[in-house]
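User: I'm new to this one and would like to understand the words used to describe it. Could you walk me through them?

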Amino acid sequence: MIIRGADPLSAHGSMWQRLFKPAARCLEDGAWEGFTDMLQLDAVSKISGASAHISDVSLSLEKGTLNVLLGPTLSGKTSLMRIMAGLDRPTSGRVLSDGRDVTGEPVQKRNVAMVYQQFINYPALTVYENIASPLRIRGADKASIDREVKQAADLLRLGPYLQRTPLSLSGGQQQRTALARAIVKKAGLVLLDEPLANLDYKLREELRAELPKIFSESGAIFVYATTEPSEALLLGGRTATLSQGRVTQFGSTVDVFRNPVDLITAQTFSDPPMNVLAMEKRGSLFVRDNMSSIPVPSGLAPITEGPCTLGFRPHNLSLAAGPGTVVLEATVVVTEITGSESYVHLTHGDAKWVMLTKGIHDFATGTALNVHLDTRHLLVFDDAGRTVRGKGA
């Protein structure tokens, strides 16, 4: 227990020495320099047996930036973070900090904070001491420790629980404890691996807005992994889309969303899934086996004739006509009503689509619908899945 009025470090003397003395020695040796202006991954790969977890990834992450790793489960997000942190060594390639090769340096020699979806805390220590641990390692004075711990606790609504141990808390409270510890550490590299997945909806939405501001003010390199395209858009910053261990695109989050370089990136950055339709460009029309035709928008007119794939997001389909729309026949499979919106699952021949429309629409299975596609936002992909762009597109 913590002795009231006493220095917790003295109260836990032997425990603190056992847990944190090695880390404190790293600090004294000057090893905890952290990442300052730039973290670079240079052709990094990670292979285990016959499986490639990471394949030839090159990224440059700058100080004070928010970088989102977006991809489905097992796409390589966690593997990439572990390499950044120094927990794993790449099979090939280099990790550079301000141009210095740190590939072989272990995590103990890097000023890194990492928070996982499955929270990790020191079970024998109180919430206060869990949050304070990085500050004690740094050698901060008692007043500074108390101030920073309480600021982080207030931000994450942990004030009433500071003298409790993590195992007496709910899962969401334990995760907030791990987040608070990352905040006070003021690390040069902050890695958050789906950290909000176990929190309730309201707190998750609030923290999504607060976390980028918290860490950007510290000047850290901030990396956030998620499976949710909507979360990437809410966070902003820059996004790297991952698929099967490869980074398919990296750039401004909004630009990657609006201008994907290929079909895989477009599908990764679309939830509900990107709607696709195999077509053939013939003159001024996209044609599908004489079943349907779509006028080619003027910006896509220069595209070479022949087979292609059209992509469009669920909100590009609607029940009413509008500027740039064309009518397509579809059949209702099922309707999901969320309250203010409805997700209508459709078939068009052998193609399966989802339409996102405002309001409550309870269509019976098998209902025939005329849906309106906004052709101004069409994405066109060639046979290799690469995005095709016409002049002015």
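Analyst: Happy to! Let's start with a side chain: that of Thr-387 reaches the backbone oxygen of Pro-260 at 2.6 Å. This is a predicted model, in which local features need pLDDT of at least 70, side-chain atom pairs count only at pLDDT 80 or more, and totals for chains, interfaces and linings use all residues. Residues are numbered from 1 along each chain as its sequence is written, and side-chain values use heavy atoms, with hydrogens and water left out.

User: Why is Thr-387 called buried?

Analyst: Its relative accessibility is 16%, so Thr-387 counts as buried (under 20% relative accessible area; exposed is over 50%, partly exposed in between, with a 1.4 Å probe and protein chains only). Leaving aside neighbours within four places in sequence, Thr-387 is in contact (heavy atoms within 4.5 Å) with Pro-260, Val-261, Asp-262, Val-380 and Phe-381.

User: How do you know that Ala-182 is buried?

Analyst: Ala-182 comes to 4% relative accessibility, and therefore counts as buried too. This residue lies in helix H6, and its C-alpha atom is 6.9 Å from that of Met-114, 68 residues apart along the chain.

User: Why are H5 and H6 called oblique to each other?

Analyst: Two packed helices are described by the angle between their axes and the distance between the axes. For H5 (residues 142-155) and H6 (residues 171-185), the axes come within 9 Å and cross at roughly 135 degrees. Angles under 35 degrees count as roughly parallel, over 145 as roughly antiparallel, 65 to 115 as roughly perpendicular and the rest as oblique, so H5 and H6 are oblique.

User: Which residues make the contact between H5 and H6?

Analyst: H5 brings Glu-148, Ala-152 and Leu-155, while H6 brings Ala-180, Ile-183 and Val-184.

User: What share of the whole protein chain counts as buried?

Analyst: Of its 393 residues, 48% count as buried.

Definitions and conventions
Axes fitted to C-alpha atoms, helices over the stretch in contact; angles between N-to-C directions. Helix = DSSP H or I, 4+ residues; strand = E, 2+ residues; numbered from the N terminus. Polar contact = N/O pair within 3.5 Å; in protein donor to acceptor, adjacent residues only side chain to side chain.
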